[in-house]
Structures are given as C-alpha cells and as structure tokens.
Amino acid sequence: MKILNTVIFAFVITSLVATALVILLVNCKLWKETTLLLTADGLLNYLKAYGEFKDLFVVTIAATAAYVGLQSLQETVFANRERLKQERFNEWKGKMDIRLLEAEKHNPRLRLLFMEHRVKYFNWLDDHNFSISNKQELALSFAIFSHLVRTLEDQNERTIKMGQIYPDADYSYSFDGLRFMFIGGPDHMYPELEIDLKKFYIELLPADRLIDLETFKAAKINSFPNFA
C-alpha cells in the first residue's frame, strides 16, 4: 500500500506540474497573439487552445481523484484498526488488572511500575500476534521491564524483612510477581519461556548480594515463620 501510495503521489505531482506548464504556455501564446479577448469569440478561442491537451487534464483529474480516494481509504482503515486495537487493549487490560490484585500483595510498587509500561508491552504483543515464540523474542519483550528489576527486588516486602539474604544464587523475592504479570500478557508462549525469563531476571540482580542458606533459614524463621 505504501509503494502504491508513493507511485500515485509522484504521478499526481508530475501531472499537476505538466498541467501548470501547459496552462502557462497556452496563456502566453494567446496573449502574444492577442486572441485572448473578453468576448464570445475570445472565450471560444481560449477553450480551443486547451483542446489538444484534454487528455492531460483528464489524466490529472483522474490521478488526483484516485490519490484523494486512496488517502480517504487509508484513513478509514487506520481508524478501524485503531478502534479494534483499543477494544483488544481494554479486554487485555481487564485480564491483567485481575492479575495485578494478586501480584501486588508482596510488592505494592509492582502495580505502579507495571501500569507505567503496560501499554508498551501490549503494543509489542499486538505487533507479534500476542505470541512469544523463542528466546530472542523473550529478550525483546522483557527489555520493556528489565530496568525495573532492581527496584522491584529492593522494594519488595520480603526482601526488606529478610535483610536481602538469599539461600542460593538463583533465588529472587520479586521474580514471581513480575513473572505472574509477564506470562499473563501473551496468548501463546514457547515451553521454556519461564525458565529463560528467570535467567534473564537473576542476571540483573546484584552479583555481590549476600548468599547464605543457613543465615537465610534463620532470617526466615524470625521474619516469616509461615513463609515457605
């Protein structure tokens, strides 16, 4: 459609330029021959002078009409596409809002941060038919939220009460919340997505965080005796 639009636009411009030149040359000729008179004969001579260029005028008018029609059609298609996209977003947003009620329990910041970026996430999903098919696509979609990982982890209720102590290098207090929201977005995902997502997430946590299983167990008993 874009190529067709460009071709028609170029043709219209060329036709209009040619038409303008014809009008200029014809008028110059008529003035020079003093046949441009404000009489019936003068008007007849004026119209006859353009007779041999009637095909050019017809083509110019037709091309201009086609271009205007194409623009109108594109605007209509775009408006319909945006309307359908807005309807999809409203439906998707409702589903994600339900998930947020659960995900924000241990990290109130998650709601605010996710809501700030959900339109961008939706647009990415919409462009990819709501499917994340491989690790490369996961990396691109997760990049929307990757800069939030440190904030989500540091401000997580459990992270704070547990003194930022980790039982092993693959543990995260905030991952499950974002994972729950992230996987709720697409309709289709490749089987290993959650495994790869956690790898991406853990890689963004501080390398120097305190990792000690026994200290973690003691902190858990003191802070969250019912925390599994």
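This is a predicted model: local features need pLDDT of at least 70, side-chain atom pairs count only at pLDDT 80 or more; totals for chains, interfaces and linings use all residues.
Trainee: How many helices and how many strands does the secondary structure of the protein chain come to?
Mentor: Read from the N terminus, the elements run α-α-α-α-β-α-α-α-β-α-β-α-β-α. Taken together, the secondary structure of the protein chain comes to ten helices and four strands.

Trainee: Among contacts between residues at least 6 apart in sequence, what percentage join residues at least 24 apart?
Mentor: A contact here requires heavy atoms within 4.5 Å. Among the contacts in the protein chain whose partners are at least 6 apart in sequence, the share joining residues at least 24 apart is 71%.

Trainee: Which elements are included in what covers the buried residues of α9?
Mentor: Helix α9 spans residues 193-203, and its buried residues are Leu193, Asp196, Leu197, Phe200, Tyr201 and Ile202. In an α-helix, residues three or four places apart point the same way, because there are 3.6 residues a turn. The cover over the buried residues of α9 includes β1 (131-132), α5 (135-142), α6 (149-154), α8 (175-183) and β3 (188-189).

Trainee: Does Asn156 count as buried or exposed?
Mentor: Asn156 is found in the loop between α6 and α7 (157-161). The cut-off for a buried residue is under 20% relative accessible area. Because its relative accessibility is 2%, Asn156 counts as buried.

Trainee: Which residues is Asn156 in contact with, leaving aside its neighbours within four places in sequence?
Mentor: The loop that holds Asn156 lies between α6 and α7. With the neighbours within four places in sequence set aside, the contacts of Asn156 are His106, Asn107, Tyr173 and Ser174.

Notes: Residues are numbered from 1 along each chain as its sequence is written. Side-chain values use heavy atoms; hydrogens and water are left out. Helices (H or I, at least four residues) and strands (E, at least two) are DSSP runs, numbered from the N terminus. Buried means under 20% relative accessible area, exposed over 50%, partly exposed in between (1.4 Å probe, protein chains only).
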